[in-house]
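Dear colleague,

Please read it with the model open beside you.

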Amino acid sequence: MAPIPGSGLAKGLAVTLRTMTKKSVTAQYPDAQPDLPPRTRGVIGLFEENCTVCMLCARECPDWCIYIDSHKETIPAATPGGRERSRNVLDRFAIDFSLCMYCGICIEVCPFDALFWSPEFEYAETDIRDLTHERDKLREWMWTVPAPPALDPGAEEPKELATARKTADKLAAQQAPPATEPHADEQARAAERPTRPQGDSKQQTDQPKPGQATPDQPTPGQEGRE
């Protein structure tokens, strides 16, 4: 059966009319924040404690937008007669996001889990030079990284969270006020206790107990013997 002439146009107009009568679903950003998935490639966060300055991320970056500076530091021997060791100390870790193409190669090749994707994306700048984020800024982005999902309901806690918790506990212990000595607390409590007059205590010690004879009074049965 041949189609009716103009039926396609009528169907198209019907779709247009239905769409025009529906409520708009456009999210009014920035009043309404988008619900981003946890693996969104927004910005790269640096977990500085895990970085060993191996330079692998800078060498593998196709855009050469990672800048790392470091120096060597000598560690004394842990035991007498031992050998001194040297380690790399991180001085600068910066990423130029005006050059970054968000490929994620630096995060994948990092052998010590020092780089992570953060879903944050609100870091636009009016000056292109401000898009080079130093390690302090990258460390702030690290706290916006979502926790990785557990592979198994009974799996162990991710090592990133355990390391971050240990670092936070260490900083809290360093910032906590020093605890007072126990003997100082006991002295303070003893000073607050009310003191008893000496006369009362002596009077109580001199009073005989019930059934006990005084030195001048004979005990029962002693009078008959005398």
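Glu134 is partly exposed at 33% relative accessibility, where buried stands for under 20% relative accessible area, exposed for over 50%, and partly exposed for what lies in between, computed with a 1.4 Å probe on protein chains only. This is a predicted model, in which local features need pLDDT of at least 70 and side-chain atom pairs count only at pLDDT 80 or more, while totals for chains, interfaces and linings use all residues. Residues are numbered from 1 along each chain as its sequence is written, and side-chain values use heavy atoms, with hydrogens and water left out.

Glu134 pairs with Arg92 in a salt bridge, with 3.0 Å between the closest N and O atoms; the term stands for a side-chain nitrogen of Lys or Arg within 4 Å of a carboxyl oxygen of Asp or Glu. The two residues belong to distant parts of the chain, 42 residues apart, with Glu134 in the loop between β5 (132-133) and α4 and Arg92 in strand β3 (residues 85-96). Helices (H or I, at least four residues) and strands (E, at least two) are DSSP runs, numbered from the N terminus. Arg92 is likewise partly exposed, its relative accessible area being 29%.

Over the whole structure the search finds 6 salt bridges, and one of them joins the side chains of Glu49 and Arg139, at 3.2 Å from N to O. Because Glu49 lies in the loop between β1 (43-46) and α2 (56-60) and Arg139 in helix α4 (residues 135-142), this pair ties together parts that are 90 residues apart in sequence. Glu49 is partly exposed, with 39% relative accessible area, whereas Arg139 is buried, at 16%.

Asp127 and Arg129 also form a salt bridge, with an N to O distance of 2.9 Å. Here Asp127 is partly exposed at a relative accessible area of 24%, and Arg129 is exposed at 65%.

As for the cysteines, why does the count come to 0 disulfides? A disulfide is taken as a pair of cysteine sulfur atoms within 2.5 Å, and the sulfur of Cys54 has its closest cysteine sulfur in Cys110, 6.0 Å away, which is too far for a bond. For Cys57 the closest cysteine sulfur is that of Cys54, and at 6.2 Å this is again too far for a bond. Cys54 is partly exposed, with a relative accessible area of 32%, while Cys57 is buried, at 9%.
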